Amino acid sequence: MTASPRQLPYAPTPYSYLPNSSLTATINLDEEVKLSATAAERDVHDSLAEIYSIIITLDGLEKAYIRDSIPESEYTDLCSRLLNQYKSILKDETITRIFVDLETFKKEWDMECPRATERLRVNLPATIAEPSATHAGNPSNKTSQSRSSATGSQILLATENFITFLDALRLNMLSKDSLHPLLSEVIQSVNQVTTIDFDSRGKIISWLIRLNGMKATEELGEEEARQLAFDMEGAYAGFKATLN
């Protein structure tokens with residue numbers, strides 16, 4: 001009886017292969033893997049990592065504020081610092097081009113940070129954007145600060161900031177980098193005087209959000225500029241009404 005041929009442990013091929021040791025890759029497990037080949041690439045990766053960290057940190061900070069786990073003054077300082085760092089990093093055109101926008105970045109890195117997303121959209125701490133909002137167990141916040149607690153210098157500063165902003169519009173200064181800082185100063189100085197939700201106060205926040213979504217050199221159109229001037233005149237009148 002003829003013995004059957006030995007079964008090979010693998011499928012036979014018509015070609016024979018002998019590994020060439022000279023072509024075999026060698027990997028040093030102790031060697032550091034470089035993610036970037038140049039210093040410029042490394043800077044880009046570091047900057048994107050900073051943005052990721054800022055978004056995560058900001059989301060946690062917003063949660064802590066909602067739970068009343070952090071003093072308002074500390075929240076305001078930390079939030080302002082994170083927002084400034086975020087804007088500072090994105091001033092680099094190379095980073096901005098790779099980053100694209102917040103939604104694209106979040107999708108690429110599978111991030112779910114709704115509170116940070118909203119704060120970056122508004123670009124102001126909640127204590128500045130909504131000082132009269134009821135905050136986590138503090139229903140008295142809305143009336144905690146009245147005009148009588150404001151000093152004359154604070155009232156004067158808020159008035160001057162309104163006038164400065166309106167003058168900028170009259171001088172046809174319509175770019176984001178011209179208007180956004182001035183309007184931020186308006187709302188911050190107003191909040192030092194009163195937290196009352198006066199007529200057209202919400203328009204200030206709406207325009208801050210609109211400007212924040214623009215590129216630094218982008219300008220408002222003629223119709224938008226006229227609407228902004230109209231809304232700010234209304235907000236200025238509403239603010240002055242709280243002083244009576």
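Author: The model is predicted, so local features need pLDDT of at least 70, side-chain atom pairs count only at pLDDT 80 or more, and totals for chains, interfaces and linings use all residues. Residues are numbered from 1 along each chain as its sequence is written, and side-chain values use heavy atoms, with hydrogens and water left out.

Reader: Why is Asp-43 called partly exposed?

Author: Asp-43 has 46% relative accessibility. Buried means under 20% relative accessible area, exposed over 50%, and partly exposed in between (1.4 Å probe, protein chains only). Asp-43 therefore counts as partly exposed.

Reader: In which helix is Asp-43 found?

Author: Asp-43 is found in helix α1, which comprises residues 39-66. Helices are DSSP runs of H or I with at least four residues, numbered from the N terminus.

Reader: Why is Asn-212 called buried, and where is it found?

Author: The relative accessible area of Asn-212 is 16%, and the residue is therefore buried. Asn-212 is found in helix α9, residues 201-212.

Reader: What does the side chain of Asn-212 reach?

Author: The side chain of Asn-212 reaches the backbone oxygen of Leu-120 at 3.0 Å.

Reader: What makes Asn-84 partly exposed?

Author: Asn-84 has a relative accessible area of 44%, and is therefore partly exposed. Asn-84 lies in helix α2, residues 72-89.

Reader: How far is the C-alpha atom of Asn-84 from that of Asn-123?

Author: The two C-alpha atoms are separated by 8.9 Å, while Asn-84 and Asn-123 are 39 residues apart along the chain.

Notes:
Helix = DSSP H or I, 4+ residues; strand = E, 2+ residues; numbered from the N terminus. Polar contact = N/O pair within 3.5 Å; in protein donor to acceptor, adjacent residues only side chain to side chain.
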